[in-house]
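Today I am opening my notebook on a new structure. I will jot down what I look up, one step at a time.

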Amino acid sequence: MKTQSVSPPGNGNLYEALRAAFPSALDAIAVETEDGLCYSWHDLERASAMLANLLQSLNLPAGARIAAQVDKSVEAMLLYLATLRAGFVYLPLNVAYQSTEIAYFIGNAEPAVVVCTGKNFGWVSKIAFSAGTQSVFTLNSDRTGSLLERAAHCSDQQRPAKCQADDLAAIIYTSGTTGRSKGAMLTHGNLLSNAQVLKEYWGWRSQGEGADVLIHALPIFHVHGLFVAIHGALLSGSKMLWLSKFDPKWVIERLPRATVFMGVPTLYVRMLAEPELNRATTRQMRLFIAGSAPLLIETFSQWQHRTGHTILERYGMSETVMLTSNPYFGDPALRRGGTVGLPLPGVSLRVRDEQGQPLPVGQIGGIEVKGANVFKGYWRMPEKTAEDFTVDGYFRTGDVGKIDEQGYVSIVGRSKDLIISGGYNVYPAEIEGYINEMPGVAESAVVGAADADFGEVGVAVVIAKPGAVLSPSAIIAGLKSMLANFKIPKRCYVVEELPRNAMGKVQKNVLRAQYGSDPAP
Ligand code: MLC
Ligand code: AMP
């Protein structure tokens with residue numbers, strides 16, 4: 001659906017462009033893990049070649065999907081790079097997903113290869129083989145498992161597959177407002193164009209004295225950790241201090257050796273709770289970037305006060321990678337808290353009313369975007385794809401916002417019924433579907449409530465069938481057995497009735513007002 005595309009240099013493969021930016025000193029450290037393991041640039045090149053050769057030896061069809069549900073590790077990143085090199089399509093899956101969720105993703109994407117942790121092999125391989133997957137490998141965070149065992153027999157030389165800018169590089173599943181998740185198809189051209197823009201916009205410093213060092217503390221199964229962070233570092237030949245999970249103390253310990261940090265707002269809130277976060281520990285840092293969820297103005301201001309640094313907030317989504325950013329260059333005062341900054345170069349962003357008519361400066365409406373970064377469409381959902389694009393090729397983000405006189409964009413809400421909790425998206429419709437299936441439940445509504453740690457959390461409000469007795473804790477326990485842990489409502493109330501409007505529609509705004517603060521009535 002997009003109108004522009006950027007051809008990666010070389011043979012068109014995104015990996016080629018990333019590889020071209022590696023420093024000339026290939027023996028220098030590219031990644032250092034929390035347990036002191038170091039990977040040189042040469043290691044990244046060789047190990048991803050071996051994995052790419054393994055994938056290519058499997059005689060997979062063109063466009064084959066390589067799905068991975070593994071703990072965060074450098075090897076998991078290498079599997080992503082190998083998939084690019086081999087010309088296949090990477091499909092990362094959150095480790096928190098449980099069997100029903102995984103069965104849906106595998107059934108929908110039909111991956112030729114699935115990589116999972118050894119402890120999940122039993123149930124994941126059963127789902128995968130029955131969906132027609134050809135090979136299931138294991139990969140554990142201690143670098144054991146059949147994937148690396150098999151790759152060890154492959155050559156460490158590999159020529160990246162030739163690609164067109166429009167060829168798929170990855171599918172990122174993002175939940176649907178009315179139920180099932182949709183796979184956003186991102187191309188080599190989408191990812192490279194966005195990475196190149198961000199390299200300039202955020203002033204990534206390459207190689208030599210003063211080269212950037214990124215603290216990588218985010219999961220690598222979503223856009224933020226996988227693309228924005230990893231591409232940023234690789235495309236500027238910058239070292240990564242790699243954390244297998246976020247721990248505020250681990251990050252603060254590493255700040256004096258780093259220059260760039262990226263996080264969702266929860267990470268900033270948790271770091272602010274540590275007394276060691278101060279001007280001295282952050283002196284070396286050049287840039288703190290926040291996104292994936294709204295950064296509260298209090299967090300923005302407290303960070304400024306405590307560290308002297310002004311957080312740069314940006315806005316993006318799975319379908320588009322990054323769309324807007326506060327400015328990096330110039331006076332830090334140009335980074336305005338409460339806004340997500342200006343459209344990035346190459347991104348056209350506009351605000352429209354419900355009839356699709358342009359709105360003047362400062363008026364609130366739906367945000368629509370166009371650019372080389374905008375995805376190709378939803379995997380096997382042509383109707384949904386068509387529905388989400390305007391006739392002149394703009395993608396309807398589902399976010400509601402406004403643009404001021406200086407061009408700064410503020411997000412004020414969402415037209416999609418979505419909760420963003422700690423940077424993860426939770427779709428109320430999905431959770432309500434599961435609750436409504438439970439015995440004795442007549443109806444339910446899930447709404448977002450403000451939360452000091454996660455920004456927003458889900459709260460379930462449930463009505464029992466006549467004569468049935470429901471226990472909130474049993475409802476929560478039932479959900480825990482079926483869904484990823486971050487989707488579980490933090491509170492549940494069983495009530496007599498749900499507020500409705502004249503059309504009979506549940507008034508979620510009334511529920512949010514009633515149950516949106518803790519403790520609820
Ligand atoms: C964990 N828990 C959550 C949660 N994360 N609850 C709600 N929301 C979340 N995000 C709960 C678990 O269910 C569990 O509950 C308890 O917290 C401890 O789990 P944990 O796994 O040990 O949590 P922790 O390691 O503390 O993780 C918190 C976190 C993590 C904030 C570090 O959620 C995280 O990494 N978030 C980043 C998400 C991200 O990268 N988003 C980018 C999307 S890309 P219990 O009851 O089971 O004990 C995107 C586009 C863009 O949005 O613009 O970037
Ligand atoms: P995802 O589907 O996980 O890619 O989430 C994308 C959504 O996250 C966007 O559509 C926005 O609603 C939200 N988002 C991302 N960055 C920001 C931000 N800086 N401020 C507010 N919301 C954001």
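In what order do the nine strands of the open sheet come? I read S2-S1-S10-S9-S11-S12-S13-S14-S15, with mixed pairing. Strands here are DSSP runs of E of at least two residues, helices are runs of H or I of at least four, and both are numbered from the N terminus. Two strands pair if DSSP finds at least two bridges between them. I noted that strand S2 (38–40) and strand S15 (342–343) are at the edges with a single partner strand each, so each has one side without a neighbour in the sheet.

A note on my source: this is a predicted model, where local features need pLDDT of at least 70, side-chain atom pairs count only at pLDDT 80 or more, and totals for chains, interfaces and linings use all residues. Residues are numbered from 1 along each chain as its sequence is written, chains are lettered from A and ligands numbered from 1 in the order written, and side-chain values use heavy atoms, without hydrogens and water.

Next I looked up one pair: S11 (residues 260–263) and S12 (residues 287–290) run parallel, joined by four bridges. Val-260 has Leu-287 of S12 as its bridge partner.

Then I turned to ligand 1, which 22 residues surround, each with a heavy atom within 4 Å of it. S13 gives the most to this shell, three residues. For polar contacts (N or O pairs within 3.5 Å), I found a side-chain N or O atom of Arg-270 at 2.6 Å from a ligand 1 oxygen. A backbone N or O atom of Ser-421 is 2.8 Å from a ligand 1 nitrogen.

How values were computed:
A polar contact is a pair of N or O atoms within 3.5 Å; within protein, one must be able to donate a hydrogen and the other to accept it, and residues adjacent in sequence count only if both atoms are side-chain atoms.
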